[in-house]
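Have the sequence and the 3D view open as you read. Try each question before you look at its answer.

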Amino acid sequence: MNVTSKDVSYVASLAHLDLNAEEQARMVRDLNSILGFIESLNELDTKDVPPMAQVASARSSKTSTLRDDALRPSLPHAAALKNSPQPDANFFKVPKVIER
Amino acid sequence: MDFDLNLLTVASARNAIEQRQITATTLAEGFYKKIDAEDKAIHAYLTLSKERALAQAAKIDAMADKGDPLPPLAGVPVGIKDVMVTNGVRSTAGSKILENFIPPYDCTAVARLEAAGAVILGKLNCDEFAMGSSNENSAYGPVRNPRDLTRVPGGSSGGSAAAVAAGTAVAALGSDTGGSIRQPAAFCGVVGVMPTYGRVSRYGLIAFASSLDHIGPLTKSVSDAALILKYIAGRDPMDSTSVELPVPDYPVEIGKPVKGLRIGVPAEYFGEGLDAEVKAAVESTIQRLAAAGCEVVNISLPHTKYAIPTYYLIATAEASSNLARFDGVRYGHRSKDSKTLSAMYRRSRDEGFGPEVKRRIMLGTYALSAGYYDAYYLKAQRVRTLLTRDFEIAFQKVDAIITPTTPTPAFKLGEKSDDPLAMYLADIFTVTADLIGIPGMSVPCGKSKDGLPIGCQVLTKHFDEATMFRIGHAIEHATAAAN
């Protein structure tokens, strides 16, 4: 499978990355080289092998993923807003959302 | 100060404070002087947390003055890899995108260390978002290996390994997603432990790949690592993947003899590409374990060569999702003057992320994108099952597996930085343990003729860190006795 410059543009748009021309060219080269290496997985017949999606829970029945639905304190409003790049008293401000 | 800070261990530092030979404050100040004098050449530290450290030291000293019993890690100066968030102390993850990020809460592992009395000296350099094997991907400049300044310290916990090796921290926390604790530990000649997946909470660890990320200690000795792990391990309600199993008393377990333990030696880890000196050092270590009464068993882990490709699909897929949160909205870098929200996202991410992070986001996004999901991501998840089965079969015959930690000793700065694939292969012996969730550690087991440290890796069954520590301890003793 060969990754083209068009593929890279498309994937960059999915990933919200703005690659410049130089990055774009390098990415085509690197992705092809890495994916070429990854092709070796096709030597393995895995059609009857289940995918492994969980690491811990398969090992310990005591991994409790559910907790009581109890109220507990959360991060104070002011602390949550403190790192905001464009602070506002109540909200995170962003540029215009609807594009025309 | 009469103390040689280079020789301090976790146990001896606490002991000196308990015996009133030194105060926690004097000790912390001594470390800051040492960092000022020596860290410019190494660049292990990104941020010093002096205020927080001295407040904690004063608290310990007040307890000691009153004659109160001291907590188990009282006054022990430690460093924290900068991928763990620290309340009020800048946490960058080695990235420009978090250059000014001051977290409003603490990572559980850090909070537990501090609750046990440790003094947090500062935040340690690492590859950006823990993505790298040489620390050259840090946006703040590389770390140099204290054993040879022309060489890399390994990565991604390069700052953690270098600080412990240089003696600018008594111990450090690192994170391991594909070898990022064990590989730099091997390169810098220190002990590095990755506990079982689920043993240590990841709450407050800036996520790279959630099914692979682990937090663990880097220390000067196996018993120090056992001590640190004891206090950071255990269920945390803030991390649903942390398990509710009792935490064994590792420092006690460590002293048990290794006689009768069955040690597996996998043929696939001793083949082509393994440096001759590394091979010889690990083989001598195996002979020493045999002399100590271990039974050596030749085993096979047939899918070993598929571990790296599997890892680079799963880790990047998860990273592409985890790193979607860096969007310039709530914290982190925001590009100036974007007219629309989507332009702001794209530009903030483009300006904030370095080349390796972009490469991995791209690979992961590609592997998850429509039409490729089955061929790449799902395929990798199936091979992950095969890798797990390899180890399940092996662990029916053996109690532990011994391998080299890395194929070569530390390489030179710049040697692999232009070739992502060559860099990925530096993790060839460490990634599998991350993929299947078992514990692993690297213990120094010798030196190359150039004086570079060589690490031996010990792998055990899920949640059997106790056996791993026993064997690591035996290796440490046998190595010291042989030199």
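Here are some questions and answers on this predicted model. Residues are numbered from 1 along each chain as its sequence is written, and chains are lettered from A and ligands numbered from 1 in the order in which they are written. In this predicted model, local features need pLDDT of at least 70 and side-chain atom pairs count only at pLDDT 80 or more, while totals for chains, interfaces and linings use all residues.

Q: In what order do the 11 strands of the open sheet of chain B lie?
A: Strands are DSSP runs of E with at least two residues, and helices are runs of H or I with at least four, both numbered from the N terminus. Two strands pair if DSSP finds at least two bridges between them. The pairing in this sheet is mixed, and the order is β1-β3-β2-β4-β6-β5-β10-β11-β9-β7-β8.

Q: Which strands of chain B stand at the edges of the sheet?
A: An edge strand here has a single partner strand, so one side of it is left without a neighbour in the sheet.

Q: How many bridges join β10 to β11 in chain B?
A: β10(B) covers residues 440–447 and β11(B) covers residues 453–460. Lys447(B) has Pro453(B) of β11(B) as its bridge partner. The two strands run antiparallel, and the number of bridges is 7.

Q: Are α2(B) and α3(B) roughly parallel or roughly antiparallel to each other?
A: Two packed helices are described by the angle between their axes and the distance between the axes. Axes are lines fitted to C-alpha atoms, for helices over the stretch in contact, and angles run from 0 to 180 degrees between N-to-C directions. The axes of α2(B) (24–42) and α3(B) (50–66) come within 7 Å and cross at roughly 155 degrees. Angles under 35 degrees count as roughly parallel, over 145 as roughly antiparallel, 65 to 115 as roughly perpendicular and the rest as oblique, so the pair is roughly antiparallel.

Q: Which residues of α2(B) make the contact with α3(B)?
A: Two residues are in contact if their C-beta atoms, placed from the backbone, lie within 7 Å. On the α3(B) side, the residues include Lys50(B), Ala53(B) and Leu54(B). On the α2(B) side they are Ala24(B), Thr25(B), Ala28(B) and Tyr32(B).

Q: Is Ala93(B) buried or exposed?
A: Ala93(B) is found in the loop between β2 (77–81) and α4 (108–115) of chain B. Its phi is near 55 degrees, a positive value in a residue other than glycine. A residue is buried if 20 or more other C-beta atoms, placed from the backbone, lie within 10 Å of its own, exposed if 12 or fewer, and partly exposed in between. Ala93(B) has 31 within 10 Å, so Ala93(B) is buried.

Q: What is the phi of Asn135(B)?
A: Asn135(B) sits in the loop between β3 and α5 of chain B. Asn135(B) is buried, with 34 other C-beta atoms within 10 Å. Most residues other than glycine have a negative phi. Asn135(B) is not a glycine, yet its phi is positive, about 70 degrees.
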